[in-house]
Amino acid sequence: EGWIERKLEKDHNYKKSKSLHFLFKPCYACAFNDAKNVAEPSSNNDGGSVSTNPDNYVTFAEFRVLAVNICAYALALDSMREIDSGRGHGSNRADGKLSRKEWLAGYGRVLNHGFAAFSKLSECSESKDALSVAGEMFDSMDLNNNGFVTLTEMFGYLKSVELEENTILGNLFSLGGGSVPDTPVLSAP
């Protein structure tokens, strides 16, 4: 995260760099954690495999995936904040997670945010069952079934659809194209 802060300070004045860093701070750790285990485990001298990342760092090969993840998490965060603005829900406070009610009331504002899952939802937005499909999408994102979707849950779902659909973005999530290990693939609406 320090290199991001230094780059922002280099390219912007102090106040703007701090503001930008804070605005996207939720993305950095999530993107890092997703990227650090993308590379295949290496093998040790006796043929056994060694953990991909025992020192909790991103390898040179994984750095590109980290950069892609930061950008994609930022877009997912922007989508979440667009819905989680409190508009029309009796509150102007965003809490960093989406309830089913917030999702169903606001998903239409993010249909053009560039993710394949949103595009699929957009295709059925004119039909009578659009709310039903949006509800199913919420259920797919809510992995722990607690009635709320966090940034990590939303991104995991969006990422799995990109991988499943074999999109350009989906291919960027891995080192050589294809699926990322340990990423649950959820069905898109």
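Trainee: How much accessible surface does the protein chain have, and what share of that surface belongs to carbon and sulfur atoms?
Mentor: The model is predicted, and its values are computed from the atoms. The accessible surface of the protein chain comes to about 10,500 Å². The share belonging to carbon and sulfur atoms is 53%.

Trainee: What percentage of the residues in the protein chain is buried?
Mentor: A residue counts as buried when its relative accessible area is under 20%. The chain has 189 residues, and the buried share of these is 40%.

Trainee: In what order do the helices and strands run?
Mentor: The protein chain has eight helices and two strands. Read from the N terminus, the order is α-α-α-β-α-α-α-β-α-α.

Trainee: What share of the contacts with a separation of 6 or more comes from residues 24 or more positions apart?
Mentor: A contact requires heavy atoms within 4.5 Å. Among contacts with a separation of 6 or more in the protein chain, residues 24 or more positions apart account for 57%.

Trainee: How many disulfides are there?
Mentor: The cut-off is a pair of cysteine sulfur atoms within 2.5 Å. For C27, the nearest cysteine sulfur is that of C30, at 7.2 Å, and C27 is in no disulfide. C71 is in no disulfide either, as its nearest cysteine sulfur, that of C27, is 9.5 Å away. The count of disulfides is zero.

Trainee: Is C71 buried or exposed?
Mentor: Over 50% relative accessible area counts as exposed, and under 20% as buried. C27 has 1% relative accessibility and is therefore buried. C71 has 56%, so C71 is exposed.

Trainee: Which elements give two or more residues to the lining of the second largest pocket?
Mentor: The second largest pocket holds about 240 Å³ of space. Its lining includes W3, L8, F24, Y28, I70 and C71. The elements that give two or more residues to this lining are α1 (2-11), α2 (14-35) and α3 (60-83).

Trainee: How many charged residues does the lining of the second largest pocket have?
Mentor: K7 is one of the lining residues, and Lys belongs to the charged class. The lining has ten nonpolar residues and no polar ones, and the charged count is one.

Trainee: What separates the C-alpha atoms of L143 and G156?
Mentor: L143 sits in the loop between α6 (130-141) and β2 (148-150). With a relative accessible area of 47%, L143 is partly exposed. L143 and G156 are 13 residues apart along the chain, and their C-alpha atoms are separated by 9.4 Å.

Technical notes:
Residues numbered from 1 in each chain as written. Predicted model: local features only at pLDDT ≥ 70, side-chain atom pairs only at ≥ 80, totals over all residues. Heavy atoms only, no water. Buried < 20%, exposed > 50% of the residue type's maximum accessible area, 1.4 Å probe, protein only. 1 Å grid on protein atoms, 1.4 Å probe; cavity = no way out; pocket = protein on both sides within 12 Å on 5 of 7 lines; lining within 4 Å. Points joined across faces, edges and corners; volume = space filled by probe spheres on them. Helix = DSSP H or I, 4+ residues; strand = E, 2+ residues; numbered from the N terminus. Areas by Shrake-Rupley, 256 points an atom, 1.4 Å probe, with all protein chains shown as cover.
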